[in-house]
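Morning, everyone. Please have the sequence and the model open while I talk.

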Amino acid sequence: MAGFKPDHIENRLFINGEFVPSISGKKFDIVNPSTEKLAASVYEAGAEDVDAAVKAAKEAFPSWSALSASDRQGYLLKLADALAKNVTELSYLEAITMGKPYVGDFLNMFGIEILRYLASKALDINGDSSLNTAGHVNITLRQPFGVCGAIIPWNVPLLMFINKAGPALAAGNTLVLKTSEKSPLSCLKVAQLCQEIGLPKGVLNILSGFGRPCGEAIAKHMDIRKISFTGSAVAGRAVKKAAAESNLKNVTLELGGKSPTVIFEDADLAKAIPASAMSVLMNSGQACIASSRVYVHASIADKFIEGMKTAMIQMGKSGDPLAEGTVRGPQADKLQFDRVMSYLNYAKDNKIDMPIGGGREGNTGYFIEPTIIANAPEDSKVMKEEIFGPVVCINTFTDEDEVLKRANDTEYGLYASVFTKDVSRALRVAKALEAGSVGVNCTSPTMALDLPFGGWKQSGDGRELSKYATDYWTELKSVFIAL
(Lines give C-alpha, C1' and ligand atoms only; values in the text may rest on other atoms or scores of the structure.)
Protein backbone atom coordinates (compact mmCIF):
# COMPACT_ATOMS: atom_id res chain seq x y z
CA MET A 1 0.00 0.00 0.00
CA ALA A 2 2.90 2.35 0.68
CA GLY A 3 3.27 4.70 -2.27
CA PHE A 4 0.08 3.53 -3.98
CA LYS A 5 -2.14 6.22 -5.45
CA PRO A 6 -4.89 5.76 -8.05
CA ASP A 7 -4.72 7.62 -11.33
CA HIS A 8 -8.23 9.00 -10.88
CA ILE A 9 -10.70 9.34 -8.00
CA GLU A 10 -14.32 9.36 -9.14
CA ASN A 11 -16.50 12.00 -7.47
CA ARG A 12 -19.75 11.92 -9.47
CA LEU A 13 -23.05 10.12 -8.92
CA PHE A 14 -23.72 6.78 -10.64
CA ILE A 15 -27.17 6.80 -12.23
CA ASN A 16 -28.44 4.54 -15.04
CA GLY A 17 -24.99 3.10 -15.62
CA GLU A 18 -23.30 6.49 -16.12
CA PHE A 19 -21.34 8.90 -13.94
CA VAL A 20 -23.07 12.26 -13.75
CA PRO A 21 -22.72 15.41 -11.62
CA SER A 22 -25.54 16.17 -9.23
CA ILE A 23 -28.39 18.19 -10.70
CA SER A 24 -27.67 21.04 -8.26
CA GLY A 25 -23.93 20.93 -8.99
CA LYS A 26 -23.25 21.07 -5.23
CA LYS A 27 -20.22 19.32 -3.79
CA PHE A 28 -19.04 18.48 -0.29
CA ASP A 29 -15.51 18.04 0.99
CA ILE A 30 -14.03 14.94 2.60
CA VAL A 31 -11.12 15.47 4.99
CA ASN A 32 -8.49 12.77 5.47
CA PRO A 33 -8.80 12.04 9.22
CA SER A 34 -5.11 11.13 9.52
CA THR A 35 -3.75 14.36 8.07
CA GLU A 36 -6.74 16.72 8.46
CA LYS A 37 -6.17 17.70 4.81
CA LEU A 38 -8.63 17.61 1.92
CA ALA A 39 -9.02 14.11 0.46
CA ALA A 40 -11.68 14.79 -2.20
CA SER A 41 -14.66 16.93 -3.17
CA VAL A 42 -17.70 14.85 -4.11
CA TYR A 43 -20.97 15.73 -5.82
CA GLU A 44 -23.87 15.83 -3.38
CA ALA A 45 -27.10 14.05 -4.36
CA GLY A 46 -30.39 15.78 -3.66
CA ALA A 47 -34.02 14.73 -3.96
CA GLU A 48 -34.00 15.35 -7.74
CA ASP A 49 -31.07 12.96 -8.13
CA VAL A 50 -32.97 10.34 -6.11
CA ASP A 51 -35.89 10.74 -8.53
CA ALA A 52 -33.57 10.21 -11.50
CA ALA A 53 -32.01 7.12 -9.91
CA VAL A 54 -35.39 5.63 -9.04
CA LYS A 55 -36.62 6.24 -12.60
CA ALA A 56 -33.60 4.37 -13.98
CA ALA A 57 -34.06 1.51 -11.51
CA LYS A 58 -37.76 1.27 -12.35
CA GLU A 59 -37.04 1.02 -16.06
CA ALA A 60 -34.35 -1.61 -15.50
CA PHE A 61 -36.43 -3.82 -13.20
CA PRO A 62 -38.56 -5.79 -15.73
CA SER A 63 -35.60 -7.10 -17.72
CA TRP A 64 -33.35 -7.66 -14.67
CA SER A 65 -35.99 -9.61 -12.74
CA ALA A 66 -36.76 -11.66 -15.87
CA LEU A 67 -33.18 -12.95 -16.11
CA SER A 68 -32.50 -16.47 -14.94
CA ALA A 69 -31.06 -16.75 -11.46
CA SER A 70 -27.83 -18.11 -12.91
CA ASP A 71 -27.47 -15.01 -15.10
CA ARG A 72 -27.85 -12.71 -12.09
CA GLN A 73 -25.42 -14.91 -10.21
CA GLY A 74 -22.97 -14.55 -13.09
CA TYR A 75 -22.97 -10.75 -12.90
CA LEU A 76 -22.38 -10.82 -9.14
CA LEU A 77 -19.51 -13.29 -9.50
CA LYS A 78 -17.94 -11.08 -12.18
CA LEU A 79 -18.24 -8.14 -9.79
CA ALA A 80 -16.62 -10.14 -6.98
CA ASP A 81 -13.68 -10.99 -9.25
CA ALA A 82 -13.33 -7.32 -10.24
CA LEU A 83 -13.39 -6.24 -6.59
CA ALA A 84 -10.66 -8.75 -5.75
CA LYS A 85 -8.43 -7.39 -8.52
CA ASN A 86 -8.94 -3.83 -7.26
CA VAL A 87 -8.92 -4.42 -3.50
CA THR A 88 -5.77 -2.32 -2.98
CA GLU A 89 -7.42 0.73 -4.51
CA LEU A 90 -10.65 0.11 -2.59
CA SER A 91 -8.69 -0.07 0.66
CA TYR A 92 -6.75 3.08 -0.24
CA LEU A 93 -9.99 5.00 -0.79
CA GLU A 94 -11.34 3.89 2.59
CA ALA A 95 -8.07 4.80 4.32
CA ILE A 96 -8.08 8.39 3.03
CA THR A 97 -11.77 8.97 3.82
CA MET A 98 -12.45 7.28 7.16
CA GLY A 99 -9.00 6.13 8.28
CA LYS A 100 -9.36 2.34 8.05
CA PRO A 101 -5.84 0.88 8.03
CA TYR A 102 -4.74 -1.23 5.12
CA VAL A 103 -4.37 -4.11 7.59
CA GLY A 104 -8.16 -3.86 7.66
CA ASP A 105 -8.05 -5.10 4.08
CA PHE A 106 -9.11 -8.49 5.47
CA LEU A 107 -12.55 -6.95 5.98
CA ASN A 108 -12.78 -6.13 2.29
CA MET A 109 -11.58 -9.60 1.32
CA PHE A 110 -14.18 -11.07 3.67
CA GLY A 111 -16.77 -8.86 1.97
CA ILE A 112 -15.80 -10.24 -1.43
CA GLU A 113 -16.27 -13.79 -0.12
CA ILE A 114 -19.70 -12.72 1.17
CA LEU A 115 -20.59 -11.46 -2.30
CA ARG A 116 -19.60 -14.79 -3.87
CA TYR A 117 -21.70 -16.61 -1.29
CA LEU A 118 -24.71 -14.33 -1.81
CA ALA A 119 -24.43 -14.75 -5.57
CA SER A 120 -24.97 -18.48 -5.07
CA LYS A 121 -28.16 -17.77 -3.11
CA ALA A 122 -29.81 -16.50 -6.31
CA LEU A 123 -30.44 -20.15 -7.16
CA ASP A 124 -31.98 -20.91 -3.77
CA ILE A 125 -34.90 -18.49 -3.87
CA ASN A 126 -37.72 -20.99 -3.87
CA GLY A 127 -41.32 -21.30 -2.74
CA ASP A 128 -43.28 -24.25 -1.36
CA SER A 129 -46.07 -26.49 -2.59
CA SER A 130 -49.11 -27.93 -0.84
CA LEU A 131 -51.59 -30.73 -1.64
CA ASN A 132 -53.53 -30.21 1.58
CA THR A 133 -56.60 -28.58 -0.04
CA ALA A 134 -58.96 -30.96 -1.85
CA GLY A 135 -59.09 -30.35 -5.60
CA HIS A 136 -56.11 -27.97 -5.54
CA VAL A 137 -52.38 -27.84 -6.06
CA ASN A 138 -51.23 -24.75 -4.14
CA ILE A 139 -47.84 -23.08 -4.26
CA THR A 140 -45.98 -20.13 -2.84
CA LEU A 141 -43.71 -17.86 -4.85
CA ARG A 142 -40.91 -15.60 -3.68
CA GLN A 143 -40.67 -12.56 -5.93
CA PRO A 144 -38.58 -9.37 -5.85
CA PHE A 145 -40.07 -6.14 -4.50
CA GLY A 146 -39.02 -4.09 -7.51
CA VAL A 147 -37.11 -0.86 -6.88
CA CYS A 148 -35.39 -0.97 -3.48
CA GLY A 149 -33.37 1.50 -1.47
CA ALA A 150 -30.33 1.06 0.74
CA ILE A 151 -28.48 3.44 3.06
CA ILE A 152 -25.09 2.31 4.34
CA PRO A 153 -22.76 3.65 7.06
CA TRP A 154 -19.21 4.93 6.81
CA ASN A 155 -17.29 2.51 9.00
CA VAL A 156 -16.90 -0.43 6.57
CA PRO A 157 -18.31 0.91 3.29
CA LEU A 158 -17.50 -1.95 0.90
CA LEU A 159 -18.66 -4.63 3.33
CA MET A 160 -21.91 -2.75 3.99
CA PHE A 161 -22.44 -2.22 0.26
CA ILE A 162 -22.09 -5.96 -0.35
CA ASN A 163 -24.46 -6.88 2.49
CA LYS A 164 -27.18 -4.79 0.81
CA ALA A 165 -26.51 -5.03 -2.91
CA GLY A 166 -25.62 -8.74 -2.93
CA PRO A 167 -28.96 -10.19 -1.80
CA ALA A 168 -31.01 -7.35 -3.33
CA LEU A 169 -29.68 -7.95 -6.85
CA ALA A 170 -29.51 -11.73 -6.48
CA ALA A 171 -33.24 -11.71 -5.70
CA GLY A 172 -34.02 -9.73 -8.86
CA ASN A 173 -34.54 -6.25 -7.39
CA THR A 174 -32.99 -3.07 -8.72
CA LEU A 175 -31.34 -0.76 -6.21
CA VAL A 176 -30.75 2.89 -5.33
CA LEU A 177 -28.00 2.98 -2.72
CA LYS A 178 -26.81 5.98 -0.69
CA THR A 179 -23.32 5.93 0.73
CA SER A 180 -22.24 7.91 3.78
CA GLU A 181 -20.99 11.44 3.28
CA LYS A 182 -17.94 10.44 5.35
CA SER A 183 -16.71 7.64 3.03
CA PRO A 184 -18.30 7.50 -0.44
CA LEU A 185 -15.23 6.89 -2.61
CA SER A 186 -14.83 3.10 -2.45
CA CYS A 187 -18.43 2.55 -3.57
CA LEU A 188 -17.90 4.90 -6.52
CA LYS A 189 -15.01 2.65 -7.51
CA VAL A 190 -17.44 -0.27 -7.30
CA ALA A 191 -19.71 1.62 -9.70
CA GLN A 192 -16.83 1.92 -12.15
CA LEU A 193 -16.31 -1.84 -11.92
CA CYS A 194 -20.03 -2.38 -12.59
CA GLN A 195 -19.52 -0.54 -15.87
CA GLU A 196 -16.52 -2.69 -16.69
CA ILE A 197 -18.35 -5.99 -16.15
CA GLY A 198 -21.34 -4.81 -18.17
CA LEU A 199 -23.95 -4.76 -15.41
CA PRO A 200 -27.17 -3.64 -17.16
CA LYS A 201 -27.86 0.07 -16.82
CA GLY A 202 -30.12 1.14 -13.99
CA VAL A 203 -29.84 -2.09 -12.02
CA LEU A 204 -27.57 -0.42 -9.47
CA ASN A 205 -27.48 3.32 -8.79
CA ILE A 206 -25.09 4.85 -6.25
CA LEU A 207 -25.61 8.28 -4.71
CA SER A 208 -23.25 10.23 -2.46
CA GLY A 209 -25.07 12.46 -0.03
CA PHE A 210 -26.31 13.32 3.43
CA GLY A 211 -29.19 11.94 5.45
CA ARG A 212 -31.06 15.07 4.48
CA PRO A 213 -32.04 15.53 1.78
CA CYS A 214 -30.78 12.37 0.04
CA GLY A 215 -31.48 9.64 2.59
CA GLU A 216 -34.81 11.16 3.53
CA ALA A 217 -35.86 11.26 -0.14
CA ILE A 218 -35.04 7.56 -0.51
CA ALA A 219 -36.95 6.65 2.66
CA LYS A 220 -40.00 8.64 1.53
CA HIS A 221 -39.99 7.77 -2.17
CA MET A 222 -43.31 6.36 -3.33
CA ASP A 223 -41.74 4.13 -5.99
CA ILE A 224 -39.30 2.42 -3.62
CA ARG A 225 -40.97 -0.65 -2.15
CA LYS A 226 -38.32 -1.74 0.35
CA ILE A 227 -35.42 -0.06 2.14
CA SER A 228 -32.52 -1.49 4.13
CA PHE A 229 -30.61 0.77 6.51
CA THR A 230 -27.49 0.32 8.64
CA GLY A 231 -26.54 3.06 11.08
CA SER A 232 -27.53 4.57 14.40
CA ALA A 233 -30.75 3.79 16.24
CA VAL A 234 -31.76 7.46 16.00
CA ALA A 235 -31.39 7.50 12.22
CA GLY A 236 -33.03 4.06 11.92
CA ARG A 237 -36.07 5.36 13.74
CA ALA A 238 -36.24 8.30 11.32
CA VAL A 239 -36.05 5.94 8.32
CA LYS A 240 -38.85 3.78 9.67
CA LYS A 241 -40.98 6.85 10.37
CA ALA A 242 -40.43 8.22 6.86
CA ALA A 243 -41.32 4.84 5.37
CA ALA A 244 -44.50 4.67 7.44
CA GLU A 245 -45.53 8.21 6.48
CA SER A 246 -45.05 7.57 2.76
CA ASN A 247 -46.00 4.23 1.21
CA LEU A 248 -45.41 1.89 4.18
CA LYS A 249 -42.43 0.40 2.36
CA ASN A 250 -40.85 -2.66 3.89
CA VAL A 251 -37.94 -1.73 6.20
CA THR A 252 -35.02 -3.74 7.55
CA LEU A 253 -32.58 -2.20 9.99
CA GLU A 254 -29.15 -3.06 11.39
CA LEU A 255 -28.45 -0.55 14.13
CA GLY A 256 -26.08 0.10 17.01
CA GLY A 257 -24.82 -2.03 19.85
CA LYS A 258 -23.50 -1.95 23.40
CA SER A 259 -22.32 -5.53 23.34
CA PRO A 260 -21.49 -7.30 26.62
CA THR A 261 -18.80 -9.91 27.22
CA VAL A 262 -19.11 -12.06 30.35
CA ILE A 263 -15.85 -13.64 31.58
CA PHE A 264 -16.23 -16.29 34.25
CA GLU A 265 -13.59 -17.30 36.78
CA ASP A 266 -12.64 -20.43 34.80
CA ALA A 267 -12.13 -18.56 31.51
CA ASP A 268 -8.99 -19.09 29.48
CA LEU A 269 -7.53 -15.61 29.79
CA ALA A 270 -5.00 -16.37 27.06
CA LYS A 271 -8.02 -16.34 24.74
CA ALA A 272 -10.31 -13.89 26.52
CA ILE A 273 -7.85 -11.01 26.84
CA PRO A 274 -6.68 -10.69 23.20
CA ALA A 275 -10.19 -11.35 21.92
CA SER A 276 -11.66 -8.63 24.13
CA ALA A 277 -8.92 -6.16 23.18
CA MET A 278 -9.18 -6.81 19.45
CA SER A 279 -12.97 -6.52 19.50
CA VAL A 280 -12.88 -2.96 20.80
CA LEU A 281 -9.79 -1.83 18.87
CA MET A 282 -10.75 -3.20 15.46
CA ASN A 283 -11.48 -0.33 13.07
CA SER A 284 -10.58 2.08 15.90
CA GLY A 285 -13.61 0.90 17.85
CA GLN A 286 -15.88 2.08 15.04
CA ALA A 287 -17.89 -1.12 14.83
CA CYS A 288 -21.48 -1.70 15.89
CA ILE A 289 -20.54 -5.20 17.10
CA ALA A 290 -17.63 -4.04 19.29
CA SER A 291 -17.66 -5.72 22.70
CA SER A 292 -17.63 -2.46 24.58
CA ARG A 293 -18.86 -3.73 27.99
CA VAL A 294 -16.86 -6.44 29.72
CA TYR A 295 -18.06 -8.10 32.92
CA VAL A 296 -15.24 -10.07 34.51
CA HIS A 297 -15.51 -12.25 37.62
CA ALA A 298 -14.15 -10.40 40.64
CA SER A 299 -11.71 -13.21 41.48
CA ILE A 300 -9.75 -12.67 38.24
CA ALA A 301 -10.50 -8.99 37.63
CA ASP A 302 -7.08 -7.59 38.54
CA LYS A 303 -5.29 -10.13 36.35
CA PHE A 304 -7.69 -9.49 33.47
CA ILE A 305 -7.36 -5.70 33.61
CA GLU A 306 -3.56 -5.86 33.73
CA GLY A 307 -3.64 -8.17 30.72
CA MET A 308 -6.03 -5.87 28.88
CA LYS A 309 -3.80 -2.87 29.52
CA THR A 310 -0.85 -4.66 27.96
CA ALA A 311 -2.87 -6.08 25.05
CA MET A 312 -4.52 -2.77 24.16
CA ILE A 313 -1.18 -0.95 24.14
CA GLN A 314 0.43 -3.64 21.98
CA MET A 315 -2.51 -4.08 19.60
CA GLY A 316 -3.38 -0.42 19.52
CA LYS A 317 -0.35 0.76 17.57
CA SER A 318 -1.60 3.74 15.60
CA GLY A 319 -0.30 5.57 12.58
CA ASP A 320 -0.81 6.36 8.92
CA PRO A 321 -3.51 3.96 7.66
CA LEU A 322 -1.62 3.70 4.36
CA ALA A 323 1.60 2.54 6.04
CA GLU A 324 2.45 -1.13 6.39
CA GLY A 325 2.04 -2.36 9.95
CA THR A 326 -0.47 0.25 11.10
CA VAL A 327 -3.11 -1.54 13.13
CA ARG A 328 -5.27 1.36 14.30
CA GLY A 329 -6.21 4.49 12.47
CA PRO A 330 -7.95 7.68 13.57
CA GLN A 331 -11.61 8.27 14.24
CA ALA A 332 -13.42 8.91 10.97
CA ASP A 333 -13.75 12.69 11.27
CA LYS A 334 -13.78 15.55 13.76
CA LEU A 335 -17.43 14.91 14.62
CA GLN A 336 -16.63 11.34 15.65
CA PHE A 337 -13.47 12.44 17.44
CA ASP A 338 -15.36 15.04 19.46
CA ARG A 339 -18.10 12.53 20.26
CA VAL A 340 -15.68 9.97 21.68
CA MET A 341 -13.77 12.64 23.59
CA SER A 342 -17.01 13.82 25.17
CA TYR A 343 -17.45 10.39 26.79
CA LEU A 344 -13.88 10.38 28.06
CA ASN A 345 -14.37 13.87 29.50
CA TYR A 346 -17.60 12.66 31.12
CA ALA A 347 -15.66 9.84 32.80
CA LYS A 348 -13.03 12.32 34.03
CA ASP A 349 -15.65 14.77 35.29
CA ASN A 350 -17.36 11.97 37.22
CA LYS A 351 -14.04 10.67 38.58
CA ILE A 352 -14.49 7.25 36.98
CA ASP A 353 -11.25 5.26 36.93
CA MET A 354 -9.40 4.96 33.60
CA PRO A 355 -6.46 2.54 34.01
CA ILE A 356 -5.12 3.49 30.56
CA GLY A 357 -5.89 6.11 27.95
CA GLY A 358 -8.48 8.80 28.25
CA GLY A 359 -7.11 11.41 25.90
CA ARG A 360 -6.12 12.51 22.43
CA GLU A 361 -3.12 10.87 20.80
CA GLY A 362 -0.72 13.21 19.00
CA ASN A 363 -1.41 16.65 17.57
CA THR A 364 -2.38 15.84 13.98
CA GLY A 365 -5.22 13.56 12.95
CA TYR A 366 -8.24 12.41 14.91
CA PHE A 367 -6.43 9.78 17.00
CA ILE A 368 -7.65 8.73 20.45
CA GLU A 369 -5.73 6.63 22.95
CA PRO A 370 -6.92 3.06 23.57
CA THR A 371 -8.90 3.48 26.78
CA ILE A 372 -10.20 1.33 29.63
CA ILE A 373 -12.97 2.72 31.84
CA ALA A 374 -13.21 0.67 35.05
CA ASN A 375 -16.10 0.22 37.47
CA ALA A 376 -18.41 2.80 35.94
CA PRO A 377 -21.92 2.94 37.43
CA GLU A 378 -24.35 0.80 35.43
CA ASP A 379 -26.61 3.78 34.80
CA SER A 380 -23.80 6.05 33.56
CA LYS A 381 -23.60 7.33 29.98
CA VAL A 382 -20.47 5.33 29.24
CA MET A 383 -22.28 2.08 30.15
CA LYS A 384 -25.57 2.88 28.42
CA GLU A 385 -24.61 4.68 25.20
CA GLU A 386 -22.64 3.53 22.17
CA ILE A 387 -19.27 5.32 22.27
CA PHE A 388 -17.98 4.05 18.90
CA GLY A 389 -14.31 4.47 19.70
CA PRO A 390 -11.35 2.48 21.11
CA VAL A 391 -12.92 2.46 24.57
CA VAL A 392 -13.94 -0.52 26.69
CA CYS A 393 -15.84 -0.43 29.99
CA ILE A 394 -14.83 -3.17 32.45
CA ASN A 395 -16.95 -4.00 35.51
CA THR A 396 -16.83 -6.95 37.92
CA PHE A 397 -19.39 -9.52 39.09
CA THR A 398 -19.68 -12.54 41.38
CA ASP A 399 -23.10 -14.06 40.57
CA GLU A 400 -24.28 -15.49 37.23
CA ASP A 401 -27.93 -14.43 37.47
CA GLU A 402 -26.95 -10.94 38.54
CA VAL A 403 -24.45 -10.43 35.71
CA LEU A 404 -26.95 -11.63 33.12
CA LYS A 405 -29.43 -9.01 34.31
CA ARG A 406 -26.75 -6.33 33.97
CA ALA A 407 -25.61 -7.59 30.57
CA ASN A 408 -29.18 -7.55 29.26
CA ASP A 409 -30.08 -4.20 30.84
CA THR A 410 -29.78 -2.30 27.56
CA GLU A 411 -32.00 -1.45 24.63
CA TYR A 412 -29.28 -2.82 22.34
CA GLY A 413 -28.96 -6.48 21.40
CA LEU A 414 -26.52 -6.98 18.53
CA TYR A 415 -23.70 -9.15 19.86
CA ALA A 416 -22.73 -10.77 23.15
CA SER A 417 -19.97 -13.11 24.32
CA VAL A 418 -19.20 -15.52 27.12
CA PHE A 419 -15.91 -17.07 28.18
CA THR A 420 -16.00 -20.22 30.32
CA LYS A 421 -14.76 -23.83 30.24
CA ASP A 422 -18.10 -25.10 31.59
CA VAL A 423 -20.09 -26.28 28.54
CA SER A 424 -23.43 -26.28 30.35
CA ARG A 425 -22.88 -22.76 31.65
CA ALA A 426 -21.75 -21.59 28.20
CA LEU A 427 -24.96 -22.83 26.59
CA ARG A 428 -27.13 -21.58 29.45
CA VAL A 429 -25.63 -18.09 29.22
CA ALA A 430 -25.72 -18.06 25.41
CA LYS A 431 -29.44 -18.81 25.58
CA ALA A 432 -30.04 -16.11 28.20
CA LEU A 433 -28.13 -13.28 26.50
CA GLU A 434 -30.47 -10.99 24.55
CA ALA A 435 -28.56 -10.58 21.30
CA GLY A 436 -28.78 -11.63 17.68
CA SER A 437 -25.29 -13.18 17.79
CA VAL A 438 -23.47 -14.78 20.71
CA GLY A 439 -19.82 -15.83 20.80
CA VAL A 440 -18.74 -18.65 23.12
CA ASN A 441 -15.03 -18.39 23.98
CA CYS A 442 -14.74 -15.87 21.16
CA THR A 443 -16.11 -12.41 20.54
CA SER A 444 -16.84 -10.03 17.70
CA PRO A 445 -15.89 -9.79 14.87
CA THR A 446 -16.44 -13.57 14.77
CA MET A 447 -19.10 -14.20 12.11
CA ALA A 448 -19.90 -16.84 9.47
CA LEU A 449 -21.13 -16.49 5.90
CA ASP A 450 -23.85 -19.10 6.37
CA LEU A 451 -25.26 -17.81 9.67
CA PRO A 452 -27.65 -14.85 9.91
CA PHE A 453 -26.50 -11.49 11.28
CA GLY A 454 -28.76 -8.90 12.86
CA GLY A 455 -29.97 -7.47 16.13
CA TRP A 456 -32.56 -7.88 18.83
CA LYS A 457 -34.44 -5.01 20.45
CA GLN A 458 -33.27 -1.58 19.18
CA SER A 459 -30.28 -3.13 17.43
CA GLY A 460 -32.33 -3.99 14.39
CA ASP A 461 -35.06 -5.70 12.46
CA GLY A 462 -34.27 -8.31 9.81
CA ARG A 463 -31.18 -10.36 8.99
CA GLU A 464 -28.22 -10.27 6.62
CA LEU A 465 -25.95 -13.13 5.46
CA SER A 466 -26.92 -16.82 5.35
CA LYS A 467 -29.77 -18.52 3.50
CA TYR A 468 -32.17 -16.08 5.17
CA ALA A 469 -30.69 -12.96 3.53
CA THR A 470 -32.81 -13.10 0.38
CA ASP A 471 -35.98 -13.63 2.43
CA TYR A 472 -35.78 -9.96 3.36
CA TRP A 473 -35.48 -8.89 -0.28
CA THR A 474 -38.48 -10.84 -1.59
CA GLU A 475 -42.25 -10.76 -1.26
CA LEU A 476 -44.14 -13.99 -0.50
CA LYS A 477 -47.16 -14.84 -2.66
CA SER A 478 -49.67 -17.69 -2.34
CA VAL A 479 -51.13 -19.16 -5.55
CA PHE A 480 -54.22 -21.41 -5.39
CA ILE A 481 -54.62 -23.70 -8.41
CA ALA A 482 -58.00 -25.45 -8.74
CA LEU A 483 -57.81 -28.74 -10.64
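One term before we start: a helix here is a DSSP run of at least four residues marked H or I, and helices are numbered from the N terminus. Keep in mind that this is a predicted model.

With that, take helix 10. Lys 309 and Glu 306 both sit in helix 10, 3 residues apart, which is about one turn of the helix. Their side chains form a salt bridge, with the closest N and O atoms 3.2 Å apart. Is Lys 309 buried or partly exposed? Lys 309 is partly exposed, because its relative accessible area is 21% and buried means under 20%. Glu 306 is partly exposed too, at 46%.

Now the helix as a whole. Helix 10 covers residues 301-315. At 1.5 Å a residue, its 15 residues should span 21 Å. The end C-alpha atoms are 20 Å apart, so the two figures agree.

Which residues of helix 10 are buried? They are Ala 301, Phe 304, Ile 305, Gly 307, Met 308, Ala 311 and Met 312. These residues cover an arc of only 165 degrees around the axis, so they are on the same side of helix 10. The face turned away from that buried side carries the exposed residues Asp 302, Lys 303, Ile 313 and Gln 314.

What does the buried side pack against? The buried residues of helix 10 pack against strand 12, helix 9, strand 13, strand 14, strand 15 and strand 16.

Stay with strand 16, residues 391-397. Of its 7 residues, 6 are buried. One place to look is Arg 293, whose bridge partner in strand 16 is Cys 393. Strand 15 also pairs with strand 16 in the parallel sense, over 4 bridges. There, Ile 372 stands opposite Val 392.

An open sheet of 3 strands has the order 5-6-20, with antiparallel pairing. Strand 5 and strand 20 stand at the edges. Each has a single partner strand, so one side of each is left without a neighbour in the sheet. Strand 5 is joined to strand 6 by 2 bridges. Ser 130 stands opposite Asn 138 in strand 6.

Next, the annotated site. UniProt, in an unreviewed entry, places the feature "active site" at Glu 254. Find Glu 254 in strand 11, residues 250-254. Is Glu 254 buried or exposed? Buried, with a relative accessible area of 3%. Leaving aside neighbours within four places in sequence, the contacts of Glu 254 include Met 160, Phe 229, Cys 288, Leu 414 and Phe 453.

Back to charges. The model has 28 salt bridges by the rule used here. Take Lys 164 and Glu 464, whose side chains meet at 2.8 Å, N to O. Lys 164 lies in helix 5, and Glu 464 lies in the loop between strand 19 and strand 20. So this pair ties together parts that are 300 residues apart in sequence. Both residues are buried.

A second pair is Glu 361 and Arg 328, at 3.0 Å, N to O. Glu 361 is in the loop between strand 14 and strand 15, Arg 328 is in the loop between helix 10 and helix 11, and the two are 33 residues apart. Glu 361 counts as partly exposed at 22% relative accessibility. Arg 328 counts as buried at 1%. There is also a network: Asp 81, Glu 113 and Arg 116 are linked by salt bridges.

Last, the backbone. Most residues other than glycine have a negative phi, and most peptide bonds are trans. Now the exceptions. The bond from Arg 212 to Pro 213 is cis, with omega near 10 degrees. Pro 213 is found in helix 7. Ser 444 and Pro 445 are also joined by a cis peptide bond, with omega about 15 degrees. Pro 445 is in the loop between strand 18 and strand 19.

That loop also holds Lys 457, whose phi is positive, near 55 degrees. Lys 457 counts as partly exposed, at 33% relative accessibility. Glu 36 has a positive phi of about 65 degrees. Look for Glu 36 in the loop between strand 3 and strand 4. At 35% relative accessibility, Glu 36 counts as partly exposed.

Conventions:
Residues numbered from 1 in each chain as written. Predicted model: local features only at pLDDT ≥ 70, side-chain atom pairs only at ≥ 80, totals over all residues. Heavy atoms only, no water. UniProt positions renumbered as here; feature names shortened; annotations may be inferred. Buried < 20%, exposed > 50% of the residue type's maximum accessible area, 1.4 Å probe, protein only. Contact = heavy atoms within 4.5 Å. Pairing = 2+ DSSP bridges. Expected span 1.5 Å × (residues − 1). Arc of directions from axis to C-beta. Salt bridge = Lys/Arg side-chain N within 4 Å of Asp/Glu carboxyl O.
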